[in-house]
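Please find below a colleague's note on the structure under review. The points are numbered so that each may be checked against the coordinates in turn.

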Amino acid sequence: QVQLVESGGGLVQAGGSLRLSCAASGLMFGNYHMGWFRQAPRKEREFVAAITSNSATTYYGDSVKGRFTISRDNAFKVVYLQMDSLKPEDTAVYYCADYRGTGNYYYYARASEVAYWGQGTQVTVSS
């Protein structure tokens, strides 16, 4: 049974930083591409970042490019999201995502391509 458990969310002031973690179990972690999405109240789930299984390629949503960094540690089965220069509009529930396929940016950006989701972790950025 695949489980993705996020941690690291919280309340931070604008301009601050947070690092989210997603611990995976029940899957051959090193075989799969991973990602992060977020969802703010009354908004659709939005693509944040993705990383290929061997960390060779990363993808970012336009709203976070240059501020967020995705990485992974296959030995520990963890994917990270380092979030810097946070803005109030980054406030959302952040979800870890696991893909079963592969493709270009548009593949990873589609929530419908995600095979498994974590339960989410709240990030709140105050102004």
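Predicted model: local features only at pLDDT ≥ 70, side-chain atom pairs only at ≥ 80, totals over all residues.

**Notes on the strands, the sheet and the core**

1. Leu 20 has Leu 81, in S8, as its bridge partner. The two strands concerned, S3 and S8, are antiparallel and are paired over six bridges.

2. Four strands form an open sheet in the order S1-S3-S8-S7, and the pairing is antiparallel. The edges are taken by S1 (3-7) and S7; each has a single partner strand, so one side of each lacks a neighbour in the sheet. On average, and with direction ignored, neighbouring strands of this sheet are turned by 15° against each other.

3. The remaining pairings of the sheet can be followed residue by residue. Five bridges hold S1 and S3 together in the antiparallel sense, and Gln 3 stands opposite Ser 25 of S3. S7 and S8 also run antiparallel and are joined by six bridges. Here Thr 69 has Gln 82 of S8 as its bridge partner.

4. Is Ser 21 buried or exposed? Its relative accessible area is 17%, and because the limit for a buried residue is under 20%, Ser 21 counts as buried. Apart from neighbours within four places in sequence, Ser 21 is in contact with Val 5, Glu 6, Ser 7, Trp 36, Val 78, Val 79 and Tyr 80.

5. The largest nonpolar core comprises 27 residues, and Trp 36, Val 79, Leu 81, Met 83 and Tyr 94 have the most contacts inside it. At least two residues of this core come from each of the strands S3 (18-25), S4 (34-39), S5 (46-51), S7 (68-73), S8 (78-83), S9 (92-99) and S11 (121-126). Which strand gives the most to this core? The answer is S3, with four residues.

6. Residues up to four places away in sequence being left out, Val 79 touches Leu 20, Ser 21, Cys 22, Phe 29, Met 34, Trp 36, Ile 51, Ile 70, Ser 71, Arg 72 and Cys 96. There is also a second, separate core of nine residues, among them Phe 37, Ala 50, Ala 97 and Tyr 99.

7. S5 may be considered with its partners. Five of its six residues are buried, so S5 is largely enclosed by the rest of the structure. S4 pairs with S5 in the antiparallel sense over five bridges, with Ala 49 of S5 as the bridge partner of Trp 36. S5 also pairs with S6 (residues 58-60), again in the antiparallel sense, over three bridges. In that pairing Ala 49 stands opposite Tyr 60 of S6.

8. Asn 74 is found in the loop between S7 and S8. Its relative accessibility is 32%, so Asn 74 counts as partly exposed. Leaving out residues up to four places away in sequence, Asn 74 touches Phe 29, Gly 30 and Ser 53.

9. Finally, the chain as a whole. The protein chain has one helix and eleven strands, which follow one another along the sequence as β-β-β-β-β-β-β-β-β-α-β-β. The radius of gyration is 13 Å, close to the 14 Å that the globule rule gives for 127 residues, so the chain is as compact as a globular protein of that length. The C-alpha trace spans about 40 × 25 × 25 Å along its principal axes.

10. Two further totals describe packing and surface. Of the 127 residues in the protein chain, 43% are buried. Among contacts between residues at least 6 apart in sequence, 60% join residues at least 24 apart. The accessible surface comes to about 6,400 Å², and 48% of this surface belongs to carbon and sulfur atoms.

Key. Residues numbered from 1 in each chain as written. Heavy atoms only, no water. Core = buried A, V, L, I, M, F, W, Y, C linked by side-chain atoms within 4.5 Å. Buried < 20%, exposed > 50% of the residue type's maximum accessible area, 1.4 Å probe, protein only. Contact = heavy atoms within 4.5 Å. Pairing = 2+ DSSP bridges. Axes fitted to C-alpha atoms, helices over the stretch in contact; angles between N-to-C directions. Rg over C-alpha atoms; globule rule 2.2 N^0.38 Å. Areas by Shrake-Rupley, 256 points an atom, 1.4 Å probe, with all protein chains shown as cover.
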